[in-house]
Every structure is written in structure tokens, then in C-alpha cells.
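Subject: Structure handover

Hello,

The structure is below, and my notes on it follow. Please read them with the model open.

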Amino acid sequence: MTSYELNRFTMADAQLLAGTIANITEWGDDDELETKVTYPGARITSITVLAGPFLVIETAGAVMTDARTGERLGTRPPEPELRLWFTRVCEVADVRDRFTRGDRVALEHTDDADTRLRPGDEGTVTRYDLGLGQLGVRWDSGSTLSMLLNDGDRVRLVAPAPGAGTGETGKEQGR
């Protein structure tokens, strides 16, 4: 787990995070750092520099807790594009490739007119080739249609693979 504050977060750090999946936690909207917000399995899409460095993420939602007691305060809905400003204290943990064997994904879009798959259909990742942008999926419907991510197919992460973020790379997991 890596903790960053603005004066320690560099663009080199950001470049290593772009395009990955990570659990991101930020603290507080004030100097007291009383509230903790965790974005599990967030996809880090880019880094922008406006008034300071922002980490741009896609989230499946967030959990808010009291930073002192750990009491759950509520949840936030998914957001397709959220900018986290690194002036607050943040932790970036369990960084991994965008997809790993065993991840659960849901179809968002495919141009394949011959498939019976529809947006929202779910499946399990069998392999991921970053260079080709090809994602092998065993769909719950029985289909084995691969997604061509560089050619317009889109899926979203529903749940990371069991044991994901343990420091193993996709190659070590037999990707």
C-alpha cells in the first residue's frame, strides 16, 4: 500500500498508475481527516493537472466510513468519471492490470451483430492480452465471445478475481 500526499505524489507515480485497477482511499473534506472514502476496484483512466494533479477514475461506487471509528457512514453510487484531487491524503492499494483471469465483467457494448449477448450480460475473464486489446470471457450464457477492446467492444469490471491485488501479476496467475 502506498500513501501519497500532494508534495509526495509525482507525475511519475501517476504514469505508473494510469490504465490500472486499484483500491483508492481518500480522507476528508477538511483538515480534520475525519471521513474516509474508499473506491474499491477503481479503474484509473488518466491523470490531469488543473489547479493540481487529479487522478481520473471510473468507479463501481464508494464506501464512506468514519476514519476514527471505522463506522460505515454510507455509500456513493457508481461514477463513470471522477476526479480525485491529491491535496488530501490518499492511499492507492492493490494495483493490478486492468483485467485478470477470474475477474467478473459485464458487457456494455459490442458491434458483433451475430451474438446473442446483450448489455448487462456477465461473464468471467479467461485471459487478457493488453497488446492486442483482446479479452477472453466465458459468458454465463455459455458464449465464449472474446471482446476486442481496441475495436470498440466495452465491458466493465463487476468484481475482481478472488485473490486479486495480492501482488501477483497476470502472468503469474497464468494469464
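Which residues are linked in a network of salt bridges? They are Arg104, Glu122 and Asp140. A salt bridge here is a side-chain nitrogen of Lys or Arg within 4 Å of a carboxyl oxygen of Asp or Glu.

Some ground rules before the rest. This is a predicted model, in which local features need pLDDT of at least 70 and side-chain atom pairs count only at pLDDT 80 or more, while totals for chains, interfaces and linings use all residues. Residues are numbered from 1 along each chain as its sequence is written, and side-chain values use heavy atoms, with hydrogens and water left out.

Overall layout

The chain contains one helix and 13 strands. Both are DSSP runs numbered from the N terminus, with helices being H or I of at least four residues and strands being E of at least two. In sequence order the pattern is β-α-β-β-β-β-β-β-β-β-β-β-β-β. Of the 175 residues, 39% are buried; buried means under 20% relative accessible area, exposed over 50%, and partly exposed in between, with a 1.4 Å probe and protein chains only. Among contacts with a separation of 6 or more, 53% are between residues 24 or more positions apart, a contact being heavy atoms within 4.5 Å.

Sheets

Five strands form an open sheet in the order β12-β11-β10-β9-β13, with antiparallel pairing. β12 (147-148) and β13 are at its edges with a single partner strand each, so one side of each has no neighbour in the sheet. Two strands are taken to pair if DSSP finds at least two bridges between them. Between β9 and β13 there are five bridges, in the antiparallel sense.

Elsewhere, β2 and β3 pair antiparallel over six bridges, and Trp27 has Lys36 in β3 as its bridge partner. β3 also runs antiparallel to strand β5 (residues 62-66), joined by four bridges; there, Val37 has Met64 in β5 as its bridge partner.

Val105

Val105 is in strand β9 (residues 104-109) and stands opposite Leu157 in β13. Its relative accessible area is 0%, so Val105 is buried. The C-alpha atoms of Val105 and Val158 are 4.9 Å apart, although 53 residues separate the two along the chain. Leaving out residues up to four places away in sequence, Val105 touches several others, including Phe99, Asp121, Val125, Val137, Trp139 and Val155.

Salt bridges

The whole structure has six salt bridges. Three of them are described here.

- Glu122 and Arg104: the closest N and O atoms are 3.3 Å apart. Glu122 lies in strand β10 (residues 122-129) and Arg104 in strand β9, so this pair ties together parts 18 residues apart in sequence. Glu122 is partly exposed at 30% relative accessibility, as is Arg104 at 22%.
- Arg156 and Glu108: the side chains meet at 4.0 Å, N to O. Arg156 is in strand β13 and Glu108 in strand β9, so the pair ties together parts 48 residues apart in sequence. Arg156 is partly exposed at 40%, and Glu108 is partly exposed at 35%.
- Glu81 and Arg83: the N to O distance is 3.1 Å. Glu81 is partly exposed at 48% relative accessibility, and Arg83 is partly exposed at 40%.

Largest pocket

The largest pocket has a volume of about 480 Å³. Of its 23 lining residues, the closest to the centre are Glu58, Glu108, Val155, Arg156 and Leu157. On a 1 Å grid over the protein atoms alone, a pocket is an open set of points where a 1.4 Å probe fits, with protein on both sides within 12 Å along at least five of seven lines, and lining residues have an atom within 4 Å of a point. Grid points are joined across faces, edges and corners, and the volume is the space filled by probe spheres set on the points.

Which strand gives the largest share of the lining? That is β13, with six residues. The strands β2 (21-27), β3 (35-49), β4 (53-59), β7 (79-85) and β13 (154-159) each supply at least two. By type, the lining has twelve nonpolar, three polar and eight charged residues. For this count Ala, Val, Leu, Ile, Met, Phe, Trp, Tyr, Cys and Pro are nonpolar, Asp, Glu, Lys and Arg are charged, and the others, Gly among them, are polar.

Regards
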